Amino acid sequence: MENKKSRREFIKKSSLALAGVTIGQKGFPIVDRDKKIMGANDRVRTGFIGVGNRGTQLLHLFMEQPDCEVAALCDVYKPYITRDYSQVDPRYTKDMGSRIPQMGENFSRNVKQYTDYRKLLEDKNIDAVCIATPDHWHALQTIDAIQAGKDVYVEKPLSKTISEGRRMVEIGKKSQQVVTVGLNRRGAPTFQKLAKEIPGGKIGKVTFAQACHVSNMYPNGIGKKQAETPPADFDWNMWLGPRAYRPYQYNIAPYMFRWWEDFANQISNNGIHYLDLIRWLLDEEAPVAVSAHGGKFVIDDDRTIPDTMHVTYEFGSGALVTVSILETSSGSFIPSGFLELRGTKGTLYTGENDYKIVPTKAGQFQTWKELMAAEEFSLDKDDTLLIDGSYKNSTFSLIRNFLDCVKSRKEPWATLEIGHRSTTLAHLATIAMQTKKRLEWDGLKERFINCNEANNYLSYEYREPWKI
C-alpha cells in the first residue's frame, strides 16, 4: 500500500526549472540541486556503476520505478555493460551460478556504456547514480559523484574504512545532494514500526541483543587458486583502484572479493544489516567498547578473513550486543527470525516481515505477573527473496524513497550519517579482530582511546593516482 500511495503522491508534484551549473575541485560540473525540484512527469535519468550481481538486482528494481530512466551502465567487465551473457567467461557461470546475472535486458542505444565511472559522471544529463561496486570503491565513487552534482544511491557497506566514511559524510554535508545508503531493511515496514516502539520502552529496558549470519562453507570455501591473467575484457587494474596492486586471481573477482580483507569481509557484507537494525531499534549512535573472537579455524581456502567470528559491543546506555558470523556450520541460534532483543518486559524475535514478543517471567525474589502481553505481527507475505536473503519489497521501498527525495529534496531514510555510523560498527569489529584486544572507542572523535595500534586501521594509503 505504501508504494502505491507514494506513487500517487509524487505524480501530483509540480515542475520547476533546472538550476545553474558550476565546476567542482575535480573538474566535475556541480549542479545546485537544492534549487531543482523535479516535476511529476520528469524521469530521473540514472547511471549505474557496477552492474554485476547486486548491481543487476538494483538495476531491475530501479527499472520497475515508473519515473526512472536508465541512462548509462558502467563496469570494468565488458559483458556486464553489453549485457551479453554469452560473452561471460564460462568458468564464472559454471562456478558462481545465479550470482552471475542473466542480463539480456535489450537496452536501447540511448543507454550509454562506460568502463570508467569518471566518464559517466561527466555526463551533465545524468541526474543520479546507483553505485554497487566492491566496497573499496564506494568512498571514491560516492564523493566524485556528489562533487559532480549527482544524487547517489550507494550500496552497503558505506565504506572500507572509518576515515573514508567520515570524509563521505563531510563532503555530503557541503553539498545539496541526496544520498541514500543501501541499508535495505530501513525500507521494511516491520522495522519502521519497531523503530518507533522499541526505543520508547515497548519491551522495557533492553540490555542484550544478538544476531547471527550462518553459512556452512566447509570444507573448500572459496578454494585455492594461483595468480593468472584476467579475461581480456576484464580491466583488473581498474577493479583494484585505490588498493595495492596484486596479480589477478580467479577466486577474488567477480563476487568472491567478499572473503578478502583488502576489498570486503563478511561482518561488513552480512553483519552490517543486523548492526544497523540493532543500532536503529536501540536508538544508539556508537559503542564505547568492542571485542572480537574467532579466526580461520576450519576452512582451508585463500580467504583472508575469519571463518568463525563472534563480536561483542558495549554501549554507554548499558546494552550489550553480540553478532556472530559463522561459516563452518548451519542453523541459526535465534529462535525466530534473525534478530533478538531481550528487554525487562519482553523479548523480541524479528525477521523482515514479521515479529513476535514473548513476555518475560519473574526471576528470583520477584512476584509480579507478566509486565506486557504477548504480541505477534506479520505482513501479508507477497514478496520475493533476493540472492542476499533479503526481501525484494524492502529494497524496492528504499529505492522508491530515494527517487521521491530526488524530486522533493527531502532527507532520505538511510542518510550518509546513518550509513557511516552503522558501517563503523562493522569496521570496529574487524579492527578488534586484527588487534586481538578489547578496544575502547570515542564515538565523537572517532578514535580508539586505549590502543594506538588500532588507530592505524582507521585508514589506508591509496595507490596512486587515486585520492579523496
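**Salt bridges and their surroundings**

Guide: Glu-197 has a relative accessible area of 23%, so Glu-197 is partly exposed (buried is under 20%, exposed over 50%, partly exposed in between, with a 1.4 Å probe and protein chains only). This is a predicted model, where local features need pLDDT of at least 70, side-chain atom pairs count only at pLDDT 80 or more, and totals for chains, interfaces and linings use all residues. Residues are numbered from 1 along each chain as its sequence is written, and side-chain values use heavy atoms, leaving out hydrogens and water.

Visitor: Which side chain does Glu-197 meet in a salt bridge?
Guide: That of Lys-202, at 3.7 Å from N to O; a salt bridge here is a side-chain nitrogen of Lys or Arg within 4 Å of a carboxyl oxygen of Asp or Glu. Lys-202 is partly exposed too, at 22% relative accessibility.

Visitor: How many salt bridges are in the whole structure?
Guide: The search finds 34. One of them joins Asp-123 and Lys-112, with the closest N and O atoms 3.2 Å apart.

Visitor: And is Asp-123 buried or exposed?
Guide: Asp-123 counts as buried, at 7% relative accessibility, while Lys-112 is partly exposed at 37%.

Visitor: What about Lys-296?
Guide: The Lys-296 side chain meets that of Asp-301 in a salt bridge, 3.6 Å from N to O. Asp-301 is buried, with a relative accessible area of 2%, and Lys-296 is partly exposed at 38%.

Visitor: Which residues do shared partners join into one network?
Guide: Arg-166, Glu-285, Glu-417, Arg-421 and Glu-446, through salt bridges.
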